[in-house]
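Hi everyone, thanks for making time. I'd like to walk you through one structure today, so let me put it on the screen.

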Amino acid sequence: MNREFLIPGIVALALAVLFPLYWFSGLFSTTGESLLEAFKADASSLTLIDGLFVLIGTMEIYLLLSLRRILQHQLYSAFAAGMALAMAIGIGVFTATVLFDVSIALTPGMAESTRSTLVLVAGLVSLGLSVLVGLIGLALSIALLALRNDGTVLLKIFAAMLLICSLMTMTVILAPVVYVFYPVALVLLAAFFLRGGGEVEVV
């Protein structure tokens, strides 16, 4: 049995649990305050939630690079592999926005005007990167749906879910829908990995 993609499969299942846990905890924490106030409070402190944010980003990058390896070496789709790499880079940059939190939290004497400006910049950068990652995800999902391989049924269902998630992310307003659809997509991706990727070997 091919166990090459066992770890990516397990990581995908773990991410399917951690992803909604992170985002729903953020929604619950905004009870009684505006999203702007909640974002400002989050950006002004370092908590375990920030660590979870970085962990989720790292896991997503690992999964996309694992998917890229399959697309490049087993399914021979250079464009899809390139989009998987581009999305990994986009998520990496998005994850790096936690540095705004670090700079604000570790500078308690920062002027309030400077703090407010950094929070605003952090929000705008995060929003722009979310839309960019959504665009790349859209291109990746279309490339996956165009694959011509009988062994990629699970991958194509994952691609359909990724397509929905990407479109919802780009609208910004409907982004919370992703909290439900993306974990399902991750379970499908895990199943694809645990099957051994896109290659069947007969001995």
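A word on conventions first. This is a predicted model, where local features need pLDDT of at least 70, side-chain atom pairs count only at pLDDT 80 or more, and totals for chains, interfaces and linings use all residues. Residues are numbered from 1 along each chain as its sequence is written, and side-chain values use heavy atoms, with hydrogens and water left out.

Now the fold. The protein chain has eight helices and zero strands, where helices (H or I, at least four residues) and strands (E, at least two) are DSSP runs numbered from the N terminus. Of the 203 residues in the protein chain, 41% count as buried. By buried I mean under 20% relative accessible area, with exposed being over 50% and partly exposed in between, using a 1.4 Å probe on protein chains only. Next, contacts, meaning heavy atoms within 4.5 Å. Taking contacts in the protein chain between residues at least 6 apart in sequence, 76% join residues at least 24 apart.

On to the core. In soluble globular proteins, nonpolar side chains tend to be buried together. A nonpolar core here is a set of buried Ala, Val, Leu, Ile, Met, Phe, Trp, Tyr and Cys residues joined through side-chain atoms within 4.5 Å. The largest one has 51 residues, and the members that touch the most others are L71, L144, L155 and F158. Two or more residues each come from α1 (6-29), α3 (48-73), α4 (78-95), α6 (112-145), α7 (153-171) and α8 (178-194). Which helix gives the largest share? That is α8, with ten residues. As for F158, leaving aside neighbours within four places in sequence, F158 is in contact with L67, L144, A185, L188 and L189.

Next, the aromatic rings. Rings of Phe, Tyr and Trp (its six-membered ring) pair if their centres lie within 6.5 Å; planes under 30 degrees apart count as stacked, over 60 as edge-to-face and the rest as tilted. Searching the whole structure turns up eight aromatic pairs. Take F5 and F193: their ring centres are 5.9 Å apart and their planes at 20°, so this pair is stacked. The two partners are 188 residues apart, with F5 in the segment before α1 and F193 in helix α8. F5 is buried at 1% relative accessibility, and F193 is buried with a relative accessible area of 1%. A second pair, F53 and F94, is edge-to-face, at 5.6 Å centre to centre and 65° between the planes. Here F53 in helix α3 and F94 in helix α4 are 41 residues apart, and both F53 and F94 are buried. F53 and F94 also belong to one aromatic cluster with F19, Y22, W23, Y179 and Y182.

Let me stay with W23 for a moment. W23 sits in helix α1 and is partly exposed, at 27% relative accessibility. Its C-alpha atom is 9.8 Å from that of V178, although W23 and V178 are 155 residues apart along the chain.

On a 1 Å grid over the protein atoms alone, a cavity is a set of points where a 1.4 Å probe fits but cannot get out, and lining residues have an atom within 4 Å of a point. Grid points are joined across faces, edges and corners, and a volume is the space filled by probe spheres set on the points. How many cavities of 30 Å³ or more does the whole structure have? The search finds one, and the largest cavity holds about 80 Å³ of space.

Last, two single residues. Most residues other than glycine have a negative phi. Y76 has a positive phi of about 50° although Y76 is not a glycine. Y76 lies in the loop between α3 and α4 and is exposed, at 65% relative accessibility. G51, in helix α3, is partly exposed with a relative accessible area of 40%. G51 and V98 are 47 residues apart in sequence and 9.0 Å apart in space, C-alpha to C-alpha.

Conventions: 1 Å grid on protein atoms, 1.4 Å probe; cavity = no way out; pocket = protein on both sides within 12 Å on 5 of 7 lines; lining within 4 Å.
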